Amino acid sequence: MKFLRPVFFIFLSCASSHCRAADVAESEMLHEAQKDFSSCRGLQGVNVVADGRVVCLRGKIDPAMFLSVAKLRGKIKNNPYVIVSGEGGYVDSAIYIVRMLDEYDPVPVAGDMCASACASFLFLMGRPRALLHCADVVMHRGLWSIDDILTRRIADDVKQRLVANVWQIQDFYDERQVSLDMINKPPADVQRKLDAGTVVSWPWSINKLRSFGVKGIVSENNPDEVVPHDYAETCLAHHG
């Protein structure tokens, strides 16, 4: 399997002292992020480690995860590195978690699979944002329209929650100045599969994420490359 080749910019792209300082800071940040990611490996759920400096969010995003963050919030120090990992979960739980952690000025870190609500919400908390070498940030499904929800044959309480989620998602993205095109307009080949009724996820390149308004991404990977499907698991196995 082809692995992405890390791209290091330290001292190479700019001769000014300002640019060198920024590059060194990014390098130090990635080093810290990798160390903190390693400290969360093997843990599940919500864990606050490293004397409150690291928050591990690993697994399904649901009310239990939100309540665990609420219970442990007193242990969290300012400007924590927040390791985000998992295959998604509840939209409202993800948004509530982000709103709770935003007050700590967090730095989200993705180092393996971060899909669906993890990618669409948890990774958008704070700034800067770190993508480690084996990160696989994957989108899943776009935003339903309210009219589409109202025509579905589902219980009224479910319809109400879905409509409320639409408003929450729109507000969330507006606050962060991120375009909803990131989740609503997948690549053409992905859209064809979605139109055919296939459940499919898709990644974006770092530069494409930036074009949607996801600013402050720091990564050692080529910003124009798109990771292949199931990249994280194979990459981590390869790199130990």
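Predicted model: local features only at pLDDT ≥ 70, side-chain atom pairs only at ≥ 80, totals over all residues.
The protein chain contains 10 helices and 9 strands, where helices (H or I, at least four residues) and strands (E, at least two) are DSSP runs numbered from the N terminus. Of its 240 residues, 46% are buried, a term that stands for under 20% relative accessible area, with exposed meaning over 50% and partly exposed in between (1.4 Å probe, protein chains only). Among contacts between residues at least 6 apart in sequence, 67% join residues at least 24 apart, contact being defined as heavy atoms within 4.5 Å.

Strands of a sheet pair through backbone hydrogen bonds, either parallel or antiparallel. Here two strands are said to pair if DSSP finds at least two bridges between them. An open sheet is formed by 6 strands in the order S1-S2-S3-S4-S6-S9, with mixed pairing. Its edge strands, each pairing on one side only, are S1 (45–49) and S9 (217–219), and the twist from one strand to the next averages 20 degrees. Helix H2 (residues 63–72) packs on this sheet, where it touches S1 and S2, and its direction makes about 20 degrees with that of S1; for such values, axes are lines fitted to C-alpha atoms, for helices over the stretch in contact, and angles run from 0 to 180 degrees between N-to-C directions.

Within the sheet, S1 and S2 run antiparallel and are joined by 5 bridges, with Val48 standing opposite Val55 in S2. The hairpin of these two strands has 4 residues between them, and in it Ala50 takes a positive phi near 55 degrees. On the pairing of S2 (residues 54–58) with S3 (residues 81–85), the sense is parallel, again over 5 bridges, and Leu57 stands opposite Val84 in S3. Tyr81 is also touched by Glu32, which touches Arg53 as well, not counting residues up to four places away in sequence. Glu32 is found in helix H1 (residues 17–40) and counts as buried because its relative accessibility is 17%.

The strand S7 of the opening question pairs with S5 (residues 113–115) in the parallel sense over 3 bridges, and with S8 (residues 201–203) in the antiparallel sense, also over 3 bridges. In S8, Ser201 is the bridge partner of His140. Because 4 of the 5 residues of S7 are buried, the strand is largely enclosed by the rest of the structure.

Rolling a probe the size of a water molecule over the atoms shows where empty space is left. On a 1 Å grid over the protein atoms alone, a cavity is a set of points where a 1.4 Å probe fits but cannot get out, whereas a pocket is an open set with protein on both sides within 12 Å along at least five of seven lines, and lining residues have an atom within 4 Å of a point. The count comes to 1 cavity of 30 Å³ or more, and the largest cavity holds about 140 Å³, a volume being the space filled by probe spheres set on grid points that are joined across faces, edges and corners. Its lining has 16 residues, of which Leu131, Ala135, Trp204, Ile206 and Val227 lie nearest the centre, and S7 (136–140) and helix H9 (206–211) each supply at least two of the lining residues.

The largest pocket has a volume of about 410 Å³ and is lined by 21 residues, with Val91, Arg141, Gly142, Asn165 and Ile169 nearest its centre. Helices H3 (91–102), H4 (117–120) and H6 (156–176) are the elements that give two or more residues to this lining, and H6 provides the largest share, 6 residues.

Helix H4 also holds Ser120, which counts as buried because its relative accessibility is 5%. Leaving aside neighbours within four places in sequence, Ser120 is in contact with Met139, Phe172, Tyr173, Met182 and Ile183.

Notes:
Residues numbered from 1 in each chain as written. Heavy atoms only, no water.
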